[in-house]
Amino acid sequence: MNLSESLRQLAEKIDDINTIVEGKGHLDHPEDLVFLGGSQGASRAVNSIVNTVKNPKTITIKWDGYPALIFGRGPDGQFSIMDKHMFNKKDGTGRNVYSPEQFIKYDQDRGVDRLELHQLVSQIWAGLEKSDKSKGYYWGDLLFSQPLKPQKDGLYHFKANPNGIAYTVDPQSEIGQMLTGKQAAIVVHQFIPAGAMSTDEATPLDGTIGNLKNNSNVAIVPAKMPVTPTLKISAGLVKEANAAIAKYGKAVDQLMSTAPQAASAFANLFTVYINKKIVSKNLNNLIDGFYEFFQSRPMTDSMRNKLTQHLEANKQGVLGAFTIWIAIYKLKMAVIEQLNKAAETAPVQGYLQDGTRTQEGFVSQGLKFVDRMGFSAQNLAGRA
């Protein structure tokens, strides 16, 4: 059964059910905003999808690089490389790392051994430092760390994330020439001000590389789309999503705002459950499955009783949350299918482990447009 058929059957099943007893710095899926922000989040998701279609030039590729690194210069102008957790450390010590040796010592002092990362950081430090002369930090993902050579098909091949996308690039293309002869490459997607205290202050680069220079042995890759797609919005799917929000919005807000648990923890129940369904590649029976999942979650007896009573008292909100999620997911997938089609002629191609040609996803309006039954299912399963 294909995804469209699964979603159709799921939507029909939910229509028949009327009496049913992860800090900022990362991008959210549009459909998950109903769990994270209630009816307002859901409306933002629909509007963002519509605006994505209206403004295709603002769409960027979500490269599947690994690891994610933050590099740049703080207020004092000193250069540093770190990961997200180091940058966000409240006492600032994670940002006070000014050489590969200090990076290694930082880990040693906290009893952590990341030998492979230490080697990568040591390898790319000088190149990134040379490319970055202005204050501020850049957040990006490493694409490769060994010089590329054309394979038998004449293309460059690399794969940074073991559970993710395998890439091919035409060496004669603009991006291919950018990668030629480089020791490593990092794709940058967000900028963080020099005085920022956390990644909450990151802003999209919108397909540029900011003030960085491609003047070293490490290629700085922009996330811009090689080909600007021509997109169309499905008026029917927009109407369906907005109708679901109008019908269930108040009930969803009641469900989310009155939970006897911290808002983030309660929303996490829904997003973790969705990810488990994604890994199973089966979006049927979302509501029944949610109640089964909830009962299996580790928590105190007191909290389980409180949440059970809350869910029982807000059946319409649970129904509404998943109904809205489905409607937004279908609307988003209609756009992703067009984006993947447009990317078929791009010099950069991505492949899943089963050979399916696809990108990890795309970024627009501060959200990530990812085929979760493709890339996400593979990536999450590999991490399980």
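How many salt bridges does the structure hold? There are 13 of them, where a salt bridge means a side-chain nitrogen of Lys or Arg within 4 Å of a carboxyl oxygen of Asp or Glu. Keep in mind that this is a predicted model, where local features need pLDDT of at least 70, side-chain atom pairs count only at pLDDT 80 or more, and totals for chains, interfaces and linings use all residues. Residues are numbered from 1 along each chain as its sequence is written, and side-chain values use heavy atoms, with hydrogens and water left out.

| Salt bridge | N to O distance |
|---|---|
| Arg372 and Glu31 | 3.0 Å |
| Lys62 and Glu360 | 2.7 Å |
| Glu344 and Lys341 | 3.6 Å |

Let's start with Arg372 and Glu31, which form a salt bridge. Arg372 sits in helix 12, while Glu31 is in the loop between helix 1 (3-15) and helix 2 (33-54), so the pair links parts of the chain 341 residues apart. (Helices are DSSP runs of H or I with at least four residues, strands are runs of E with at least two, and both are numbered from the N terminus.) Arg372 is buried at 1% relative accessibility, and Glu31 is buried too, at 0%. Buried means under 20% relative accessible area, exposed means over 50%, and partly exposed is in between, using a 1.4 Å probe and protein chains only.

Next come Lys62 and Glu360. Lys62 lies in the loop between strand 1 (60-61) and strand 2 (68-73), and Glu360 in the loop between strand 10 (348-351) and strand 11 (362-364), so this pair ties together parts 298 residues apart in sequence. Glu360 is buried at 6%.

As for the last pair, Glu344 is partly exposed at 34%, whereas Lys341 is exposed at 56%. Salt bridges with shared partners also join Glu31, Asp32, Lys332 and Arg372 into one network.

On a 1 Å grid over the protein atoms alone, a cavity is a set of points where a 1.4 Å probe fits but cannot get out; lining residues have an atom within 4 Å of a point. A volume is the space filled by probe spheres set on the points, which are joined across faces, edges and corners. The largest cavity holds about 30 Å³ of space. Its lining is Ile61, Met225, Pro226, Val227, Ala342, Ala343 and Ala346. That makes 7 nonpolar residues, with no polar and no charged ones; Ala, Val, Leu, Ile, Met, Phe, Trp, Tyr, Cys and Pro count as nonpolar, Asp, Glu, Lys and Arg as charged, and the others, Gly among them, as polar.

Notes
On a 1 Å grid over the protein atoms alone, a cavity is a set of points where a 1.4 Å probe fits but cannot get out, and a pocket is an open set with protein on both sides within 12 Å along at least five of seven lines; lining residues have an atom within 4 Å of a point.
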